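Have the structure open as you read.

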Amino acid sequence: VVTHFICLGGISRTWDGGGGDALASNPINWLGDTAPGPGDNIILNTTSHKGMTLDMNIFLVSWSQIGYLGTVTVATVYGTSGFTNLNITGDCTISNGMWTHNVNGATEVYRLSATIGGNLIIGPNGAIDVVGKGYATYNGPGAGWGGSHGGRGSTPSGPCYGSITAPMNLGSGGLGGAGGGSIYLVVSGMTSNGGIISAKSMGQPNDYSGSGGSIYLSSGILVGNGIIRADPQSGGWTGAGGRVALVVTNTGADFSAYSGPITAYGPGNGSGAGTVYLRTAAQGPNEGTLVIDHNTAGGYATEITSNVTDTAVGNVIIRNKGYLLMFTNQTLTVGGVWSNGSIFAAQLGSRVIFAGNAASTSTVYGTNTFMGLVCTNAGGKTILFEAGRTNTVPAQGRLMLKGSAAANLILRSTID
């Protein structure tokens with residue numbers, strides 16, 4: 001009987017950039033002139049700062065990027081065939097240097113997608129940055145003078161689009177630059193971000209940039225004080241904010257251990273804020289919090305259009321001159337808190353549906369005009385309205401409230 005033992009630790013391969021190209025698949029680019037194989041450990045350090053294009057569709061055990069000052073272009077693509085996802089079964093450390101993806105043109109081809117079985121550590125000098133890697137100038141579903149995505153860009157521009165809870169689309173291009181790229185990360189362990197995770201757009205200030213791209217990060221826990229952003233380039237008349245969704249999965253995990261900014265701002269009066277979606281471990285798939293925050297800049301709207309998907313959330317927070325606009329016949333389903341501290345508007349036929357578990361409670365803060373206000377929980381529900389505020393359903397709108405004989409629907413003020 002012959003027994004074969006397979007060591008899952010892998011061989012450590014160090015990048016030396018000695019080849020005539022930047023391809024990871026070229027053996028001459030590695031110490032010992034041997035390219036990595038499945039199950040190997042990747043090391044980038046001060047041996048070489050030459051840029052790398054990671055073009056190998058193999059699983060890796062670990063990734064160590066310490067002292068390396070170059071850029072790694074992860075050549076993952078959209079779709080179901082080819083190199084669609086980088087799989088690292090253990091830890092991934094990016095202390096220095098940067099990860100990015102390839103530049104796109106008129107269609108969605110490239111994004112940065114990775115699954116990490118251990119921890120993801122991004123140091124203060126490290127970054128995952130896909131600035132300007134989205135749709136090319138004046139391309140994409142939100143293309144215009146300033147690109148749209150999570151928010152409306154400087155008009156004329158296309159409508160808002162993409163998923164609120166699991167964004168993966170590229171930002172659209174404006175007249176002055178490309179949109180932001182797309183980052184999609186699933187981390188089983190801890191994500192510690194002391195650096196930058198960015199999907200900003202490209203363009204000069206006040207020069208009609210593209211819109212911010214997409215960042216989706218699911219992690220066991222999230223800690224650190226680094227930057228997470230899907231903003232456009234700064235300026236007065238420019239592209240809009242993109243979309244960020246962060247999900248933590250370990251039992252009891254929330255966002256209290258993360259102190260860094262998480263933004264999808266629209267930077268000026270000529271663009272709208274994007275969306276930030278935060279879901280804790282205690283919240284179900286459609287129970288996270290949607291935040292619309294314009295950083296006090298004012299501007300265009302964050303739109304719910306027919307091109308926007310995954311419009312069922314737990315809580316909605318509109319603040320700092322954020323402006324939420326519901327398009328005709330569109331719905332937004334809310335299970336918990338509705339907090340309007342800024343601007344909300346609704347077109348004919350649109351509906352805000354208060355749902356949630358049986359006998360759950362929703363609280364409505366702020367002054368609102370709902371074109372459609374609907375709650376038909378068969379298991380009953382309580383809706384509290386903030387005392388001293390006015391909530392209106394106009395004559396051409398629709399108010400539909402329905403409980404059941406066994407489970408009442410209760411409407412009351414926050415003050416008895």
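The notes below go through the cores, salt bridges, cysteines, backbone and surface in turn.

## Before you start

This is a predicted model, so local features need pLDDT of at least 70 and side-chain atom pairs count only at pLDDT 80 or more, while totals for chains, interfaces and linings use all residues. Residues are numbered from 1 along each chain as its sequence is written, and side-chain values use heavy atoms, with hydrogens and water left out.

## Two nonpolar cores

In soluble globular proteins, nonpolar side chains tend to be buried together. A nonpolar core here is a set of buried Ala, Val, Leu, Ile, Met, Phe, Trp, Tyr and Cys residues joined through side-chain atoms within 4.5 Å. Buried means under 20% relative accessible area, exposed means over 50%, and partly exposed is in between (1.4 Å probe, protein chains only). The largest core has 48 residues, and the members that touch the most others are M52, W63, V72, L86, W99 and I128. There is also a second, separate core of 28 residues, with A245, I292, V316 and V334 among them.

What does I128 contact, once its neighbours within four places in sequence are set aside? Taking contact as heavy atoms within 4.5 Å, the list runs I94, W99, L112, L120, I122, I183, L185, I196, I197 and S198.

## A look at V276

V276 sits in strand β17, residues 275-279. Strands (E, at least two residues) and helices (H or I, at least four) are DSSP runs, numbered from the N terminus. With a relative accessible area of 7%, V276 is buried. Skip the residues up to four places away in sequence, and V276 touches V244, I262, T263, A264, T289, L290 and V291.

For a sense of distance, take V276 and N368: they are 92 residues apart in sequence, and their C-alpha atoms are 21 Å apart in space.

## Salt bridges

How many salt bridges does the structure hold? Four, where a salt bridge is a side-chain nitrogen of Lys or Arg within 4 Å of a carboxyl oxygen of Asp or Glu. One of them pairs R13 with D40, with the closest N and O atoms 3.1 Å apart. This pair links distant parts of the chain, 27 residues apart: R13 is in strand β1 (residues 12-14), and D40 is in the loop between β1 and β2 (41-44). Both R13 and D40 are buried.

Another of the bridges joins D293 and R319, whose closest N and O atoms are 2.8 Å apart. D293 lies in strand β18 (residues 289-293) and R319 in strand β22, so the pair ties together parts that are 26 residues apart in sequence. D293 counts as buried at 10% relative accessibility, whereas R319 is partly exposed at 38%. Then there is E386 with R389, a salt bridge at 3.5 Å, N to O. E386 is partly exposed, at 22% relative accessibility, and R389 is partly exposed too, at 45%.

## Cysteines

If a disulfide is a pair of cysteine sulfur atoms within 2.5 Å, the count comes to zero. As for individual cysteines, C92 is buried with a relative accessible area of 0%, and C375 is buried with 1%.

P156 is in the loop between β9 (120-129) and β10 (162-163).

Two residues in the loop between β22 (315-319) and β23 (323-326) also deserve a glance, starting with N320. N320 has a positive phi of about 50 degrees although it is not a glycine, and its relative accessible area of 34% makes N320 partly exposed. K321 lies in the loop between β22 and β23 as well. Phi of K321 is near 65 degrees, again positive in a residue other than glycine, and K321 is partly exposed at 46% relative accessibility.

## A nonpolar surface patch

Y138, W145 and L175 form a nonpolar patch on the surface, with about 310 Å² of accessible area together. Patches are made of residues with over 30% relative accessible area and no salt bridge, joining like charges within 9 Å and nonpolar side chains (Val, Leu, Ile, Met, Phe, Trp, Tyr) within 5 Å. The areas come from the Shrake-Rupley method with a 1.4 Å probe, and for residues only the protein chains shown count as cover.

L175 counts as partly exposed, at 45% relative accessibility.
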